[in-house]
Amino acid sequence: MFIAALSLATVLSGLSIPPSYAADTTVSASPAAPLPPGVVQGPSAEGITEYRFANGFKLLMFPDDSKPTVTVNITYLVGSRHENYGETGMAHLLEHLMFKGSPNYPAIPQEFSKRGMNFNGTTWLDRTNYYETFQASDDNLRWAIAMEADRMLHSNIARKDLDTEMTVVRNEFESGENSPTSVMLKRMQSVAYDWHSYGRSTIGNRSDIENVKIENLQAFYRTYYQPDNAVLLVAGKFEPAKVLQWVNQSFGRMPKPKRTLPPFWTVEPTQDGERQFTIRRKGDIQLVAVAYKMPSSLHPDANALAFAGAILADTPNGRLHKSLVETGKASAVYHMQLNGVAPGLQIIAAMVKAGADIAPVKQELIAAIESFAATPPTAEEMERLRRESANAFEKLQNNPQQLAVTMSGAIALGDWRLLFADRDSEQRVSPADVAAAAARYFRRDNRTVGLYLPEDKPERTDVPAAPPVESLLAQYQPRPPVAAGETFDPAPGNIERRTTLVTSGSAPHTALKLALLPKKSRGATVSVRLNLEFGDEKTLFGKKAVAQLAAAMLMRGNQQFNRQQLADEFSRLKISGSVYNFQTTRENLAPALRLVADVLRHPRFDAAEFTQLKNETLVSLEASRNEPEARAAEAVAGHFNHYPAGDWRAAQTLDERIAAIQAVTLEQVKDFHRDFYGASNGELAVVGDFDPAMARQAIDEGFGGWHSAAPYARVLPTWADIAATRQAVNTPDKENGVYYARQNLRLLDSDPDYPALVVANYLLGGASLKSRLADRVRQQDGLSYGIGSGLNVGAVSDAGNFVVRAIAAPQNLDKVDAAVREEIARAVAQGFTQDELLRAKSGILQQRNQQRAQDGGIASGWTSLLNLGRTYLWQQQMDEKIAGLTLEQVNAAARKYFDPAKMSVVVARDEAKAASSQ
């Protein structure tokens with residue numbers, strides 16, 4: 001648009017082609033002679049005619065005999081947007097090298113000077129252009145056309161030229177660094193954009209300018225400087241027939257490129273909150289700039305926003321000029337649009353004298369912009385801008401040379417006629433259009449604010465470069481290698497033979513069941529697992545939140561150490577983990593066991609720490625309020641809940657959990673610890689490099705004689721036949737959604753069907769990326785990053801379940817549900833294959849062996865087994881059952897237990913996003 005505005009590339013601000021420009025609108029200035037073979041005449045408009053060549057090249061001719069001059073302007077559809085990592089500024093640097101000559105035209109600047117040509121090149125976001133304006137003559141024009149054609153394909157782009165021109169371009173970069181407005185724009189681009197290359201300044205990064213390889217420049221040149229990526233415009237006094245012949249001889253005979261231009265697929269995500277940055281440099285003025293993401297220049301809103309920017313920041317009629325400049329709060333205001341093919345920025349800024357308070361100017365600037373929609377443009381304001389724009393275009397149209405150069409912007413957008421289409425469309429922009437566009441884009445969460453604050457002594461930090469690796473290794477003296485552990489067989493039978501089991505003892509011995517497996521381990525490490533059990537269904541009723549906070553308070557200090565001191569003591573004893581699950585070393589095991597026991601028996605329960613814990617817990621709960629994973633899990637648990645409120649097993653809503661935490665007092669936590677904690681019932685396993693006698697002594701000293709006051713009995717889930725449901729939970733403004741399906745199953749892990757069901761689950765969705773569900777939902781349909789199934793079956797209670805979880809975009813969750821049901825139904829109806837069975841057996845048994853290969857895994861296994869009155873021989877028997885399964889057994893188990901019709905499904909997602917994709 002041609003409203004007067006600060007712009008770095010062109011007076012165009014927004015372009016959208018109306019239907020009237022879909023076809024030719026004027027009689028073309030066609031050459032009298034027949035067109036050369038392969039040349040096709042394209043559209044004509046307002047004295048300009050387009051010609052298209054077989055190799056993709058385009059020529060625009062704009063004959064005008066009113067002045068004895070000619071302008072040749074060639075536009076390449078490549079700019080800083082097309083640069084890759086480490087190549088910023090390359091499009092502009094290449095522009096400079098294009099003046100260094102070619103084999104046939106080795107001295108281009110000298111020839112320009114000899115012929116009295118006015119010339120230049122410019123680089124912007126989406127395009128690069130080169131132009132020459134000169135005295136009209138056949139010799140000058142033919143030379144210019146031939147020269148442009150030759151340097152399109154045959155420019156030297158040489159190392160020697162890069163070495164000298166790099167310093168010139170670097171100095172251009174340095175010049176821009178002296179300008180507060182230039183620095184502001186550069187920083188605004190980088191902060192406003194996350195991913196799109198409009199976030200990189202055209203001049204580039206200094207280190208890229210200094211270090212870019214000539215091979216990279218040459219590859220960039222060969223890719224983009226080709227006839228199918230360029231448009232030549234000739235404007236002024238010339239004979240069209242001659243020019244067409246000359247262009248055909250120079251450009252038309254070039255081979256059609258075989259390469260394919262790289263696609264550009266990066267889309268900048270929607271900004272999700274206001275941003276602000278500060279620049280502190282020496283200077284004499286302050287700047288405050290406010291930028292808002294805006295649509296492409298091709299979008300109708302671009303023109304409306306240009307009107308809004310001018311009405312706000314025009315000089316001397318703009319609203320901000322009157323409220324800020326005329327009142328002395330600012331020395332100047334200005335506006336610009338940084339835009340092109342992709343969405344850009346609408347920028348409005350104010351200059352403030354050094355030393356003045358810039359905060360009120362910033363607030364008034366933002367308030368005026370973001371309230372603009374509520375005070376639409378007046379008829380007078382619109383008419384003034386339409387008139388100024390029309391006058392600017394009329395002046396441009398009367399200068400064919402300037403028009404030729406300006407047209408590069410429209411060419412970069414896709415069609416040169418957009419220049420005229422925009423002229424007409426802006427006259428149709430209404431006050432309502434301007435107000436509506438302002439309401440859409442001038443919004444807080446779409447705002448980026450920049451401050452330029454002069455400072456005599458900026459507090460900068462120059463981060464040094466990494467030193468050479470060789471210098472770091474020069475003083476290195478290798479230490480003796482860490483002692484290696486023994487070669488240990490993780491087979492269940494060997495674990496059973498190597499372990500000493502200790503049943504519950506009487507004082508002074510601990511009542512805990514013990515599993516002690518000494519073995520040489522790498523680094524003399526040792527793993528400890530502890531399981532304490534207390535309470536029953538009656539005594540634990542209504543105490544879930546109290547129990548949660550009591551457990552969380554343990555590591556916040558004991559009677560001997562405060563929280564920090566306790567953390568230091570854990571570090572000193574090389575304890576990594578928690579009081580229930582930790583690793584240490586042989587020499588530290590005994591004191592570590594005593595310390596852990598003391599932490600469990602004598603917590604500090606500091607009032608300040610308790611207040612802090614409650615606050616942290618409540619904030620964490622609130623943070624999950626709109627998280628799809630948490631909301632889906634809550635809905636599933638709520639649907640299957642059949643316990644009364646307060647029951648240890650009862651599901652709770654988020655609000656119920658928050659209320660319960662809020663209600664807990666420190667005295668309740670102390671009482672819970674006194675009444676329930678103890679070592680009357682539990683298991684402790686030690687696996688690794690240790691002395692069993694010393695370990696047993698430390699365990700007895702720490703846990704012996706410590707009894708739970710409350711009676712203990714397992715609180716087991718009970719079976720319930722719950723009708724299937726399908727629920728959708730709305731989680732607004734979430735890009736990702738969650739799929740959660742569950743089917744209750746009634747069996748124990750000792751039932752004959754259990755091993756076969758383990759294999760069926762593994763094949764269905766338990767085997768990570770290679771399973772029926774993963775093959776379908778991730779590999780084939782591409783709907784989800786992660787999907788899997790799980791089998792939860794206990795040893796004492798027959799209340800088991802089968803679950804499927806997946807993540808996907810909101811609009812894809814229904815497809816995930818359909819695919820899951822189809823794959824389960826297919827597995828039930830058609831069964832698995834023998835190859836699948838063999839793969840599953842191998843995978844499951846190797847995974848079980850891998851778990852037993854880790855000391856921590858063995859220790860965890862022992863505490864679980866001892867709790868159930870089992871040993872590792874039970875694991876060995878399970879391995880043997882899995883190894884001996886037949887395909888018929890696995891398929892029969894799948895048919896017996898899996899039923900898509902009985903699955904309850906919850907999808908948690910942004911329902912608006914899901915609906916918008918329908």
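This is a predicted model: local features need pLDDT of at least 70, side-chain atom pairs count only at pLDDT 80 or more; totals for chains, interfaces and linings use all residues.
View 1. The strands here are β19 and β23 (residues 904-909), which run parallel and are joined by five bridges.

**View 2. The open sheet around β19 and β23.** Stepping back, we find five strands in an open sheet, in the order β19-β23-β20-β22-β21, and the pairing is mixed. Which strands stand at the edges? They are β19 (726-730) and β21 (787-792); each has a single partner strand, so one side of each is left without a neighbour in the sheet. On average, neighbouring strands of this sheet are turned by 15° against each other, direction ignored. Helix α26 (residues 754-766) packs on the sheet, where it touches β20 (737-746), β21 and β22 (799-808). The direction of α26 makes about 165° with that of β21.

**View 3. Helix α20 and what covers it.** Let us move on to α20, a helix of 13 residues (589-601). From first C-alpha to last, α20 reaches 18 Å, close to the 18 Å expected at 1.5 Å a residue. Which of its residues are buried? In α20 these are L589, A590, A592, L593, L595, V596, A597, V599 and L600. A handy point for reading such a list: an α-helix has 3.6 residues a turn, so residues three or four places apart point the same way. The cover over the buried residues of α20 includes the strands β15 (525-532), β17 (581-585) and β18 (682-688), together with the helices α19 (563-572), α24 (666-676) and α25 (692-703).

View 4. Is E50 buried or exposed? Its relative accessibility is 2%, so E50 counts as buried. The side chain of E50 makes a polar contact with the side chain of W416, at 2.7 Å. Leaving aside neighbours within four places in sequence, E50 is in contact with V40, Q41, G42, P43, K58, L59, L60 and W416.

**View 5. M407 in helix α13.** Our last stop is M407, found in helix α13 (residues 400-413). M407 counts as buried because its relative accessibility is 0%. Beyond its neighbours within four places in sequence, M407 is in contact with I48, L60, L233, W416, L419 and F420. How far apart are M407 and N73 in sequence and in space? They are 334 residues apart in sequence and 9.1 Å apart in space, C-alpha to C-alpha.

Conventions
Residues are numbered from 1 along each chain as its sequence is written. Side-chain values use heavy atoms; hydrogens and water are left out. Helices (H or I, at least four residues) and strands (E, at least two) are DSSP runs, numbered from the N terminus. Buried means under 20% relative accessible area, exposed over 50%, partly exposed in between (1.4 Å probe, protein chains only). Contact means heavy atoms within 4.5 Å. The expected span of a helix is 1.5 Å times one less than its number of residues. A polar contact is a pair of N or O atoms within 3.5 Å; within protein, one must be able to donate a hydrogen and the other to accept it, and residues adjacent in sequence count only if both atoms are side-chain atoms. Two strands pair if DSSP finds at least two bridges between them. Axes are lines fitted to C-alpha atoms, for helices over the stretch in contact, and angles run from 0 to 180 degrees between N-to-C directions.
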